[in-house]
Amino acid sequence: GNWENHNCNFYEDYRGAKYYWYGPDEAAPISAGSEVHGLVEGVVDIVCEFIGNATLNGKHKLDDINIDAIGYSRGGYVVMEAARKLDRDGCSHINTQKIKFRFMGLYD
């Protein structure tokens with residue numbers, strides 16, 4: 001892509017299923033911690049929904065699904081915490097084992 005923001009370039013150039021979240025708003029009147037927590041939960045929910053849909057009726061195996069995630073600044077922390085939570089807990093509502101990320105990137 002031709003964006004000044006590397007995350008936007010990565011998103012635009014990435015091939016495959018993809019999702020984009022706007023990161024923590026530094027101008028928001030709430031603490032960054034509470035906003036980051038909400039973003040982590042949002043990422044976890046979308047990843048689990050994607051995995052649930054992809055593995056429904058044996059269409060794909062969990063080991064065949066690659067998850068790549070990047071973040072900018074606090075968004076990088078969100079990616080790291082979402083990966084940590086999925087690795088520890090998996091997706092409880094679809095009864096998966098640990099979820100592993102293939103790639104995590106941080107722009108700062």
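**Rings, charges and a loop**

Reply: Let's start with a charge: the charged end of Lys18 sits over the ring of Tyr11, 4.7 Å from the ring centre. The rule for that wording is NZ of Lys or CZ of Arg within 6 Å of the ring centre and within 35 degrees of the ring normal. Bear in mind that this is a predicted model, where local features need pLDDT of at least 70, side-chain atom pairs count only at pLDDT 80 or more, and totals for chains, interfaces and linings use all residues. Residues are numbered from 1 along each chain as its sequence is written, and side-chain values use heavy atoms, with hydrogens and water left out.

Me: How many aromatic pairs are there?

Reply: A pair of aromatic rings is described by the distance of the centres and the angle of the planes. Rings of Phe, Tyr and Trp (its six-membered ring) pair if their centres lie within 6.5 Å; planes under 30 degrees apart are stacked, over 60 edge-to-face, and the rest tilted. By this rule there are two aromatic pairs. Phe10 and Tyr14 make a stacked one, at 5.7 Å centre to centre and 25 degrees between the planes. The rings of Phe10 and Phe103 have centres 6.1 Å apart and planes at 15 degrees, so that pair is stacked. It links distant parts of the chain, with Phe10 in helix H1 (residues 6–13) and Phe103 in strand E2, 93 residues apart. Helices (H or I, at least four residues) and strands (E, at least two) are DSSP runs, numbered from the N terminus.

Me: Which residues of H1 are buried?

Reply: Buried means under 20% relative accessible area, exposed over 50%, and partly exposed in between (1.4 Å probe, protein chains only). In H1, Asn7, Cys8 and Asn9 are buried, while Phe10 is partly exposed at 26%. The buried residues of H1 pack against strand E1 (68–72) and E2.

Me: And is Gln97 buried or exposed?

Reply: Gln97 is exposed, with a relative accessible area of 65%. Its place is the loop between helix H3 (74–89) and strand E2 (103–107). Leaving aside neighbours within four places in sequence, Gln97 is in contact (heavy atoms within 4.5 Å) with Leu62, Gly90 and Cys91.
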